[in-house]
Amino acid sequence: MNGAVHVFTVAGEEVFKATLQGVATREGPGGTPVVADFDGDGRLEIGVAGATAFNLLDPDCRGTPNPATCAAMTTNGVLWATPVTGTGVERTGASAFDFDGDGRAEVVAGDRCFSRIYDGRTGEVLYSRARTSCTWYEHPVVADTDGDSRAELVTTSNPNCGSTCPAIDPQFAGLACVDDTDCPSRSAAPMACVRDQASDARGLCRCHADADCGDGLVCADHGSPAGHVCLAAHGTTALAGVQVLRDALDRWTTARPIWNQDAYSVTNIDDDGGVPRTSAWLRNWTAPGLNSFRANAHASAASTAARPDLTVKQAKVTCDPAAPTVSAEVCNRGSAQVAAGVPVSVYAQTTPTQIRCQGQTSAPLAPGACTTVSCAWIGPSGDGAIVVDDRGDGRGIARECREDNNVLAVHVGCAGPPG
């Protein structure tokens, strides 16, 4: 309403008001709101997009602010506001989801050039991918779109407004990491997780080439102490259509498989698409953990802490005149599915740094499931070690509940090729 957000009781009493930053009222009063607990204090906050800034509003940040939950110590009700790329249109919405299962929802919003995931407490951009949009009435949604037990992010693009976008997202500091396993290299040179200070909870993945970073990212120096990091890039060609995005390491938690409407709340639709009868409808704001609006939920409360546990159950060696084949039965003994592409390395046990061969899983591996990975042993026969979730540099791509049970000894006793 006139560039401000008002909260009223059912009796019509105004209990909160905050003026939005980055709003040009001639173009509209701001986008549609998203409501969730973004800072983990057990109370709700409100996210609203403006023409040039996204706002996170918190009743704790007015009058005498609560220093425990309002770190910025503002008094105008705005916990944080971060710049966005726009030209005055401010009708676009946002959604929310707790991607890492820490009890705090992240903000998911898109401007004219990028779709982003924001840390709900600070406004830091945790994830960014290019898009092209007029920022009309659309907003991104989060759901398990492919049945892999993990959340995906669905965004849309259209080229109708002829927006000019920066080559690199100026709001994204780079691909974040907790440790080196969060930085899977796609080239020969390993990546590393670099922190500005040892006390920092997160660092940035230092890269060597664009190939290290994956689709939609480029390796460049953005002024970070880490040097070259993976940054979100936008090409010169406008994008159009629907994009379904996933975390390359499948670290995002589980999500419901459905998002049925713009004004979404969890209890207004069943998982199978059925609409609850009015007499059986559970009001979203009265259900524990579901007092939210335009926010999706995890598939189950227990699944937020679920992780895979990769092991090698057994191995088989097949002798061949050209080269022996080592086949490893890789199993997931954990409680969460792991994506396809888990690397398996076979080392010479007497020379641990020498790799004899490598392979990877070809399909997602559900809890309790096993699959066979094979590779051709290179070099003289002898003792070896099969290591699952190992890229050949001692690092993997999966965040497991156990990391100490990934190795199985193997002996290759085949005669060498005829001389």
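Start by selecting F99: with a relative accessible area of 4%, F99 is buried (buried means under 20% relative accessible area, exposed over 50%, partly exposed in between, with a 1.4 Å probe and protein chains only). Before you go on, note that this is a predicted model, where local features need pLDDT of at least 70, side-chain atom pairs count only at pLDDT 80 or more, and totals for chains, interfaces and linings use all residues. Residues are numbered from 1 along each chain as its sequence is written, and side-chain values use heavy atoms, leaving out hydrogens and water.

Rings of Phe, Tyr and Trp (its six-membered ring) pair if their centres lie within 6.5 Å; planes under 30 degrees apart count as stacked, over 60 as edge-to-face and the rest as tilted.

By this rule there are eight aromatic pairs. For one of them, select F54 and Y118: they are stacked, 5.9 Å centre to centre with 10 degrees between the planes. F54 sits in strand β5 (residues 53-62) and Y118 in strand β9 (residues 114-118), 64 residues apart. Strands here are DSSP runs of E, at least two residues, numbered from the N terminus. Both F54 and Y118 are buried. Compare F97 and F99: their ring centres are 5.1 Å apart and their planes at 80 degrees, so this pair is edge-to-face.

Finally, zoom out to the whole chain: of its 419 residues, 49% count as buried.

Key. Helices (H or I, at least four residues) and strands (E, at least two) are DSSP runs, numbered from the N terminus.
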